[in-house]
Amino acid sequence: MHKYFRAIGYSGPFKARDTYNLIEDVLDKAEHRSYITDPLDEDSMLAELRLDFGNGYGICAVGVFDEENEFNCESLFPYFVSESVSSLEQVSVEERIEGHTYAGVVDDLSVGTTLIFRLINTVEFLKYGAPQMRPIPGTSVCLSGLCIGGTVMLPILKTEEEIEDTREKDIARRNLMNMARSGDEDAMKNLTMQDMDMYAVIMDKLQEDDIYTLVDSTFMPTGVECDLYSILGEIQRCVWTKNPVTEEEVWILTIMCGDLLFKVCINDRDLYGEPAAGRRFKGIVWMQGVVNFPEDNSPAGSTFEDF
């Protein structure tokens, strides 16, 4: 995911020497440091080091310290952390093919799909000791995304009556989805019929109207990577900042997709249009997230330890 470094202000091409220098910077200057005994090798220490540039974004290095205290970096990636809770649904975590890389999975009714994201706080998950591939009770997740190409669009003009009607329909649909998830066959049939009716209406209106005048927001998986999503949502807030190392301009956008609230970080060079609250944002984002674990009832007991 080296191409997503440009989202946090590193737009230049990456070379092997650049990667080495970044790893050295993270080792020397990281403010967040978490350690745990490597679950694959008891003689080694798994480390998660984060170098923060402000406004929640920075560089994370995950690797192993061996017996001679040499750091072997297994994963170096840009991260963006949001402080806002996006979902209160139970989260499952599973290990990916790469060593010590984990993905979070959450079924959130606000987007109507299974949402997969790159887990940022890996060591905290391992310390908590929850089993993989099982929902963890009492969790919540703060979602964020990195984007390397986005467009600002004008909003759809709606009356107060239309906004209230849409809100009521969304609530009714979420209730149906919740019933369908519990096994209600009638709810499943109703959802299927609603989708078919909506498809017919949209296809009919597309003969004269543009798709973006009909669809207010979208949140869909895209590409071969399971944590990449094509999004279209309303901008709630936008903050301009600057990478203190490269001095490249970066935008922090708070996006509302349906009822899902999360933040997106994008380089000013990759953003087409002028962002403002009330306008819409369209782009493909690499979804990341921090899982908030319950403070008590930890399966592994009181094993939290940050250095």
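This is a predicted model: local features need pLDDT of at least 70, side-chain atom pairs count only at pLDDT 80 or more; totals for chains, interfaces and linings use all residues.
Next I looked up the secondary structure. I found 4 helices and 14 strands in the protein chain. The radius of gyration is 21 Å, close to the 19 Å that the globule rule gives for 307 residues, so the chain is as compact as a globular protein of that length. I then took the box along the principal axes: the C-alpha atoms fill roughly 65 × 45 × 30 Å.

I checked burial and contacts. Buried residues account for 42% of the 307 residues. Of the contacts between residues at least 6 apart in sequence, 63% join residues at least 24 apart.

Charges came next. I have 26 positive and 55 negative charges in the protein chain, and their mean positions lie 5 Å apart.

Then I turned to threonine 122. I located threonine 122 in helix H2, which spans residues 122-128. Its relative accessibility is 4%; the cut-off for buried is under 20%, so threonine 122 counts as buried. Leaving out residues up to four places away in sequence, I see threonine 122 touching Glu48, His100 and Tyr102.

Last entry: threonine 213. I found threonine 213 in the loop between helix H4 (185-205) and strand S9 (218-221). Buried or partly exposed, I asked of threonine 213? Its relative accessible area is 46%, so I logged threonine 213 as partly exposed. I also took a distance from threonine 213 to phenylalanine 53, 160 residues apart along the chain: their C-alpha atoms are separated by 38 Å.

Terms used: Residues are numbered from 1 along each chain as its sequence is written. Side-chain values use heavy atoms; hydrogens and water are left out. Helices (H or I, at least four residues) and strands (E, at least two) are DSSP runs, numbered from the N terminus. Buried means under 20% relative accessible area, exposed over 50%, partly exposed in between (1.4 Å probe, protein chains only). Contact means heavy atoms within 4.5 Å. The radius of gyration is taken over C-alpha atoms; the globule rule is 2.2 Å times the number of residues to the power 0.38. Lys and Arg count as positive and Asp and Glu as negative; His and the chain ends are not counted. The place of a charge is taken as NZ of Lys, CZ of Arg, CG of Asp or CD of Glu.
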